[in-house]
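Morning, everyone. Please have the sequence and the model open while I talk. I'll go through it piece by piece.

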Amino acid sequence: MLISTPRIVAVVNQKGGVGKTTTVMNLGAALAERGAQVLVLDIDPQSNSTSGLGVDPSRARLTVYELLAGTATIDEVAIPTAFPGLHLVPSQIGLAGAEIELATTPQREHRLRHALAELSGGFGYVLIDCPPSLGLLTLNALAAATEMLIPMQCEYFALEGLGHLMHTHGLIRMNLNRQLRVGGILMTQFDARTTLSWEVLSEVRRAYPDHVYRTLIPRNVRVGEAPSHGLPVIAYDPTCRGSEAYRQLAEEVLSQ
Ligand SMILES: Nc1ncnc2c1ncn2[C@@H]1O[C@H](COP(=O)(O)OP(=O)(O)OP(=O)(O)O)[C@@H](O)[C@H]1O
Ligand SMILES: [Mg+2]
């Protein structure tokens, strides 16, 4: 039997609040709805995708901390969520300390890559929810990933951050991970009524013509509400505009 390796997608942007966690939870759910087995890896000490998927971070027994420390395997730390096909490696606030502890360990940028190599077959996708920084936790994600997905908000300063991130991509390819490709840039919280949204979109398309997802994620109140119910939006309100947009994104990702 042929065992295929999963696509490992680092959802990354050093800027905060751009929709990384929202994209991980909802792209993950939309891919799982299409029949894929999906693993969400929460490597952010804020633990937003952990609580957003209905798991209390303070009660999680094994987390990504143990995974990085090498005291537990990926199959031991992964748990099912209430959403069929969607699994989670939870995070905890204590992970903030791991970044400091990791700094002095051998192969410090490759801990996650080695841990993921032991993932049992059957998973089609691993989606990594990165913290809003380019520290050691994010470097571990980029060293392990096959591709990066960059959510960005349609605001003027976002363009500067994007240039920095693309430069980082080049450095990672040279030094840590030759196979890392840019899966795409995803425009989030898009407000079709504002000129700025359209201007930023056309600037980004001009700068990175091959790298912008056709799908635009609209600003949608239901998307913001869903995590407080511990659910992806496609379970909370399956027909709202946000759900439709994340399903469309899943189609695009599946076709890549
Ligand atoms: N399409 C959307 N419509 C409405 N609200 C949204 C949308 N996307 C994200 N939000 C809200 O915006 C806030 C920031 O989103 P999110 O937590 O996904 O960003 P993040 O990049 O993960 O942030 P951080 O960098 O802090 O981890 C959250 O309150 C989220 O619910
Ligand atoms: Mg987040």
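Let's start in a loop. Ser47 sits in the loop between β2 and α2 (48-52). Phi of Ser47 is near 60°, a positive value in a residue other than glycine. Is Ser47 buried or exposed? Ser47 is buried, because 25 other C-beta atoms lie within 10 Å. The cut-offs are these: buried means 20 or more other C-beta atoms within 10 Å of a residue's own, exposed means 12 or fewer, and partly exposed is in between, with C-beta atoms placed from the backbone.

Two housekeeping points. This is a predicted model, so local features need pLDDT of at least 70 and side-chain atom pairs count only at pLDDT 80 or more, while totals for chains, interfaces and linings use all residues. Residues are numbered from 1 along each chain as its sequence is written, and chains are lettered from A and ligands numbered from 1 in the order in which they are written.

Compare another loop residue. Gln107 is in the loop between α5 and α6 (111-116). Gln107 is not a glycine, yet its phi is positive, about 55°. Gln107 is exposed, because it has 10 other C-beta atoms within 10 Å.

Now the sheet. It is open, has eight strands and mixed pairing, and its order is β3-β4-β2-β5-β1-β6-β7-β8. The edge strands are β3 (79-80) and β8 (212-218), each pairing on one side only. Pairing requires at least two DSSP bridges between two strands. In general, strands of a sheet pair through backbone hydrogen bonds, either parallel or antiparallel.

Take the pairs one at a time. Strand β1 (residues 7-11) runs parallel to strand β6 (residues 147-153), with three bridges. There, Ala10 is opposite Met148 of β6. β2 and β4 are also parallel, joined by four bridges. Val40 faces Leu88 in β4. β3 and β4 are antiparallel, with two bridges. Here Ile79 stands opposite Leu88. The hairpin of β3 and β4 has five residues between the strands, and Gly85 in it takes a positive phi near 85°.

What lies across β6 and β7? Helix α8 (residues 158-175) does, running at about 170° to β6. Angles run from 0 to 180 degrees between N-to-C directions, and axes are lines fitted to C-alpha atoms, for helices over the stretch in contact. Contact means that the C-beta atoms of two residues, placed from the backbone, lie within 7 Å.

Next, helix α5 (residues 95-102). Its buried residues are Leu95, Ala98 and Glu99. Why are they on the same side of α5? Because they cover an arc of only 105° around the axis. That arc is taken over the directions from the helix axis to the C-beta atoms. The general rule is that an α-helix has 3.6 residues a turn, so residues three or four places apart point the same way. On the other side of α5, Gly97 and Ile100 are exposed. The cover over the buried residues includes α3 (64-69) and α7 (136-144).

Leu95 is buried, with 22 other C-beta atoms within 10 Å. Setting aside neighbours within four places in sequence, Leu95 contacts Pro45, Thr63, Val64 and Tyr65. Leu95 and Thr63 are 32 residues apart along the chain, with 8.7 Å between their C-alpha atoms.

One more helix residue: Glu203, in helix α9 (residues 195-207). Glu203 counts as partly exposed, because it has 15 C-beta neighbours inside 10 Å. Its C-alpha is 8.3 Å from that of Leu159, 44 residues away along the chain.

Last, ligand 1. Which of the 20 residues around it come nearest? They are Gly16, Lys20, Thr21, Thr22 and Pro132. Near here means a C-beta atom, placed from the backbone, within 6 Å of the molecule. The elements giving two or more residues to this shell are α1 (20-33), β7 (181-190) and α10 (221-225). α1 gives the most, three residues. By class, the shell has five nonpolar, 12 polar and three charged residues. Nonpolar covers Ala, Val, Leu, Ile, Met, Phe, Trp, Tyr, Cys and Pro; charged covers Asp, Glu, Lys and Arg; the others, Gly among them, are polar.

That's the tour. Over to you.
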